[in-house]
Structures are given as C-alpha cells and as structure tokens.
Amino acid sequence: MPGDTLHPADERALKLTKAFRDYDLDTIASTLGVDALSRPLAQVHSNLKQVFAQAQVDEIDLLQPPANFHAWLAGPLATPNRGPGPLKINTLTARVVTLRVLYDALIQEGVLTTNPMTGYPNPGSEHASDPIPDRADITQLLATAKATSPDLFAALTLIDEHAFQVRELLSLRWSTYDPATGELLRARTVTTLSHGAQRALDPLLKEAGGPLYATEKALPIFPITPEDLRAQLWKACKVAEIPHIALSALRRASLRDHPARMASSGYSNDQAYRRALRLAGKVVDKHRKDEP
C-alpha cells in the first residue's frame, strides 16, 4: 500500500540507525558520503575504527552515548590501529575532528539533534620544528623536581597530567580547589585532578596554611611569575641532565600521553562557577565543623 512506503530521508535515517546498532562503520561512512564527511571514506574508517570496535566490545550506544562518553571516548581515540603507541597529536586531532564531523552529518540527516562531541577538546597540533619531549625525559625531569622543589614539581605535574597552560596555571587559587574531591575550577571547566596531581598539591596546601586558611584568603596556588617558573624549569633540566623542555612542549606531551585526562571536565562556564562556589563553601563549612 502507498502508506507503507517510507520517505527516502526516513529510509536513510533507518539505515544509519541500524548501522550504528550493528557498529557498521563502513555502511555509515558510505551512506553519509565523502561530501558530508569532508574526507575520503578510507580515512574515516582509519580514524574511527578503534572507536567503533571498542564501543561494540563495551556495548556503548554511539547514537545515545552515556554520561561518561567523553571519558570513555578518550581511550579508543588514543588507541593505535597498529604498532605501539602513543599516537602523534596530529593523528589524535584528526580522529576527534572526524568523529565530530560524522555527528554533524547525522544532525543534517535528522538522525540526531545534538552533537555528542560538544565540549570535547581538540588535542592541538604538532610542529616538526618544535618536537615533543620523550616520556623518559619527562619522567626524569619530574623526579628531579620532586626531589628539589615541591612548587616546581606540582606545577609540572599539573601541566603534564592535565595540560594546563602557563597563564591558566599561575592564575589558580586555593579557593577554586576542593582537596576532598580533587576538583579544581579551571579557566572554563571543572577538572577532577589525577591522584598524582592531588598528592603533588598536598605539601603546597599545607605550606599555605591548610584548606581553611588558604581557601578563605583565596591565596594563589603558585605565587610565582612565568619568568621564574621557566627559569626553575631550565635549571631542573640541567640538573636532570636532559635536553631543555619548554613549558609549551610539556603541555603538548600531556595531550599526547594522557588523552583521557582531557575529558575529566566538561561543564559550561556558568555551571563551573556555581559548582566552584558550592565546593569552596563545602570546604569552609567542613573545616569549621572540625574546629574545636
């Protein structure tokens, strides 16, 4: 009967939906086409094969991803298609952009109304003239800093594990950090720090007078200038007997080596600030209750 015939757009939507349920990346890519995806279909397959393969193993619905999608996604995005990792930043960026474009194409098809990649950060770019340091050199640098300067060690740890920019790092204040949960208000988001980063901050927080005093006074976490930080880093590299590592290069190494850490945030500015105020209030209230 005529009423049983689907509109061509509805047929495409059903075909795409079924392909997602079957984790059939080839069908999805060929149905959307080169023009919609802005790249060759072979490249789409190469960039996204790990995402679809891991989603099938973990039973992740890529059309209706779970709340922890960004945290989960960082794993397969950083998984090499062959050989040992880690991926180059340019490759990781290409994967992120390809997945974002694929979801945009699905919105154009009427399959989705929002892009699940919204808020997921681009890893950045890699320049041949400014190489990223080896992980072994970074490990040696951190060990040297830990043995000589708690401030430098904490700063380098936050850059290494959470890709802080220098200006963002040096603007941090204790009033935006909750040591009970490890949550830290960044320039635009709230990040849950790794256990290593939290431990690195512990002696600095104690030196600043403890959570209550440092929070109420809104003391800076790193009371240092960018120039002094770079000078300390330069000296530490010499002591560690490694090539000089620029702060910007250390940040790019973070994006290369710890991609999952970049998904530990994701709040809008307004939400982040409201949550930060609540976190700061909880810290103050908790310690007031603990006072004799």
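Which hand does the crossing of α7 and α9 have, left or right? The crossing of these two helices is left-handed, a label used when the near helix is turned anticlockwise from the far one by less than a right angle (right-handed if clockwise). Before the details, note that this is a predicted model, in which local features need pLDDT of at least 70 and side-chain atom pairs count only at pLDDT 80 or more, while totals for chains, interfaces and linings use all residues. Residues are numbered from 1 along each chain as its sequence is written, and side-chain values use heavy atoms, with hydrogens and water left out.

**How α7 meets α9**

- The axes of α7 and helix α9 (residues 195–207) come within 9 Å and cross at roughly 155°; axes here are lines fitted to C-alpha atoms, for helices over the stretch in contact, with angles from 0 to 180 degrees between N-to-C directions.
- That angle makes α7 roughly antiparallel to α9, since the cut-offs are under 35 degrees for roughly parallel, over 145 for roughly antiparallel, 65 to 115 for roughly perpendicular, and oblique for the rest.
- On the α7 side, the contact (heavy atoms within 4.5 Å) includes Pro150, Phe153 and Leu158, while Ala197, Leu201 and Leu204 are among the α9 residues taking part.
- Sorted by class, the contact has eight nonpolar, three polar and two charged residues.
- Helices here are DSSP runs (H or I, at least four residues), numbered from the N terminus.

**Salt bridges**

- Searching the whole structure turns up five salt bridges, each being a side-chain nitrogen of Lys or Arg within 4 Å of a carboxyl oxygen of Asp or Glu.
- One of them pairs Arg12 with Glu109, with the closest N and O atoms 2.5 Å apart.
- This pair links distant parts of the chain, 97 residues apart: Arg12 sits in helix α1 (residues 8–21), and Glu109 in the loop between α5 (89–108) and α6 (135–148).
- Another joins Arg135 to Asp160, at 2.8 Å between the closest N and O atoms.
- Arg135 lies in α6 and Asp160 in α7 (residues 150–162), so this bridge ties together parts 25 residues apart in sequence.
- Lys18 and Asp22 also meet in a salt bridge, at 2.7 Å from N to O.

- Asp160 is buried, at 2% relative accessible area; buried means under 20%, exposed over 50%, and partly exposed in between (1.4 Å probe, protein chains only).
- Lys18 is exposed at 54%, whereas Asp22 counts as partly exposed at 41%.
- Arg12 counts as partly exposed at 30%, and so does Glu109 at 23%.

Terms used. Ala, Val, Leu, Ile, Met, Phe, Trp, Tyr, Cys and Pro count as nonpolar, Asp, Glu, Lys and Arg as charged, and the others, Gly among them, as polar.
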